[in-house]
Amino acid sequence: MSYHLQATFSRGELDPELIYRSDLELFRSSLAECENFVTLKRGGLRRRGGTKFVGQMKQSADAGWLIPFEFGNGQYYMLEFGDHYFRVYTRSGRVGSVEVATPYSVSDLPGLKVVQSTDTLFITGGGAAPHALKRLGETTWTLEPMEFKDGPYLDVNISPTNLKPSGLGNPVPDMTSNTAPTGTVTAFNNSTSAWKVFDRSSGKVVLSSGATGWVQYEFPNAVVIDAYMLQAPNDNSQNDDMPWQWNIEASGDGLNWTVLDTQEGQDTWASNEWRQYAFHNETAYTHYRLSFSQGGGANGDNSAIGQIVFHQAGDDQTSFSLTASGTDGINGGTGFQFSDTGRHIRFRGSDGFWRWFKITSVVSTTRVNVRLYGQALLDLKAQTSWRLGAWSGTSGWPETIGWHKSRLAFAGTREEPQKIWESQTEDYTNFSVSHTLQASDAVTAAILSGQVNRIQWLVDDNDLIVGTSRAVRAVGKATEQDPYGPENVDQRPETNFGANSVNPIKVGSVLLYFGAYGTDMREMAYDYAADGRVSQSVSEVQSHLFRTGIVGACYQQYPDSIIWLWDRSGRGIGFTYERQQQVYGMHRHDFGGQVECMADLSGELSDEVWMIVKRTINGQTRRYIEIMQTPFAGDDIADAWHLDCASKYEGAPANTLSGLGYLEGEDVILYADGTDYRTTVTGGEAGLPNGQVATKILVGLDVRARARTLPYPVASQDGASLGRKLRADTCRIAVLDTGTLKAGAEETYLDQLVQYRAGDPSGEPAPLRSGVLDQAVETRWEDGGQLTLEAGGGKPSTILAINFGRDGEP
């Protein structure tokens, strides 16, 4: 007789190829089987919680997807995405009748990438433009394409093709007098030459004999102005008459004025120098004026400017044409396509400044209609310096999204699968760059590789971690002491172990991701010795759980730090991960159907794991939304929840439960006031036998939790331990708050260890046991000394350690 103590199960189920590797240190903390048990961070095994039935998907015949939406302040929602729709749930059920149309088909859903900022969820993927999903109220939700500003763009055109606009974006005509051809120009000094500031030619117009004054233009009809350019007088270097402090003001009646823009310290103007200014304005006014309070140079007299050019807001403009001299350089030489509608074009004007157009319609392969954004053009000259937008229906839309240093980052279009674009700092839809680059400007970076490796995901860290199919790289600062921006960006390789498209899991400072084929899980963490991030496999000793390929994952941080995975076959896999304690425990889970999606969501007392489970109910395919329940916390035994797809009744004593049509024809357990009763749902109802009643009844599918120890060798005098017939004949199991547990060899030889004892209250369920269960068990020589543990029904079961005796054949 030999005794074997197993005090920890922290490595979970071991790959069958290793079950005889007793030389491995991890062998003493592993199991041959671990199904529907969870390995705990402190080493024990606990029966997993069951699942709560929340509702049936709208289109139960089709697959779906779950996306969490955490608004904060206790407002947590789960979004059910199906074929071109989404609906909203809380743990109490569906929110009203909310249903919003989407551009995403069922096949698009697994590839969607999302990030959230307060009440907005940004979504990429599915071959559609990035969308913004917004919660406007409990029952008011919207999903609309994102509107981007000024980019991003492809490389600058190098072909001979030029583009010629037919409009300037300036609503003020080339004035020939204060009232012609349209509108009215007036100035503080009543100058009859005030119109010359709008005649589109350099010069000098004195607007005041002192340091203060104004010049204004009155439109025949109200327009929206959102930007302007000022030019200094042509002799400003001699007397510095250009104002250096002013307001741009607007009015609808010429009497009541609103300040739209204020500038100070605008001094040291060179002769004929242009400067650009922009402001936010969505209101149409008839009167706009430049009102200055500091001008006229050191003497404060004869304040003057050269020109002022207003820009009409792009959305307020009437479209005008942009004509190409040919198709070379446009969409690979094919010219403009109808799918270019909405695409941006960056255009360098004759003054050297860049503006941008948005295509409103495509007329032909060489002509489009556009609106002009940014600043107005000074003339209608054709230019060869232009750039097509990087994103469109023609070139493709970004498939991946993430955060990095207060920027919204996108990556991977059909035309540029290895390109990354980051917005301006804290301006998530703005991809513009300044005439003189600023650190806050948008950033564009291309992943450098000898192969075309599509970017699979982005993860925010001190650097932007970029997963591709063949490697993981980092995008960050080139020079550490300078701020990150378009002139201080660099990339470097982190590991040549690539990734698949499943979103990685970040646990503290460690990144866990899945290999290119989804058949392994890798841990990437900073290593001081290597002075960089190092990637290593954490699934090697449990590789059998990954052979089918992982297709999704989520992270339940509290209470047990478990990464939940599901594979192509619909099997659930749990991975208890606590790196500092060297806990890497994997366990299989059978939910009675195929798991098609899991998602984590903050709950009231712990993180919740929501799932879509494909079940066959009464011969029909059903897809249910369910929530995994929290572990039993040692409270009332009647509150334990270890049944799947379950519903709970609490109230006056009842015998029969109705509303169970979603389990029609299924064999279920009624867990009533802490006691199990097996029955079948018929006509949507299930009842307790013999007229019994209960105040707490949980009804659902039974969950069989099963664990099996490894064939740990027994020393023999002749050294022939491998293959020797063994059997276990004594069993001591340390348990905590356990109401059900069987032990033995196989199902037909399992003995119930938790039973009524003398002194237990009569008429009540046997109380939960804590301590050591000591009992002989019936096993067979053929079992190799392995012990099988099993728990079912509605009660909890937690195993802390096992000590059992083994006999070997002579």
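Buried means under 20% relative accessible area. The views below are taken from a predicted model.

View 1. The side chain of H131 comes to 2.6 Å from the backbone oxygen of A129. Beyond residues up to four places away in sequence, H131 touches P103, Y104, L121, F122, I123, L143, E144, P145 and M146.

**View 2. G12 in strand 2.** Strand 2 covers residues 12-13 and contains G12. G12 is buried because its relative accessible area is 0%. Setting aside neighbours within four places in sequence, G12 contacts S29, S30, L31, T39, G585 and M586. S237 lies 225 residues from G12 along the chain, and the C-alpha atoms of the two are 80 Å apart.

View 3. P181 sits in the loop between strand 16 (163-165) and strand 17 (184-187). P559 belongs to the loop between strand 44 (550-556) and strand 45 (562-567).

**View 4. Positive phi at H84 and N190.** H84 is not a glycine, yet its phi is positive, at about 65 degrees. This residue is in the loop between strand 9 (75-82) and strand 10 (85-90). With a relative accessible area of 37%, H84 is partly exposed. N190, likewise not a glycine, has a positive phi of about 55 degrees. N190 is located in the loop between strand 17 and strand 18 (205-208), and is exposed at 67% relative accessible area.

Methods. Residues numbered from 1 in each chain as written. Predicted model: local features only at pLDDT ≥ 70, side-chain atom pairs only at ≥ 80, totals over all residues. Heavy atoms only, no water. Polar contact = N/O pair within 3.5 Å; in protein donor to acceptor, adjacent residues only side chain to side chain. Contact = heavy atoms within 4.5 Å. Helix = DSSP H or I, 4+ residues; strand = E, 2+ residues; numbered from the N terminus. Buried < 20%, exposed > 50% of the residue type's maximum accessible area, 1.4 Å probe, protein only.
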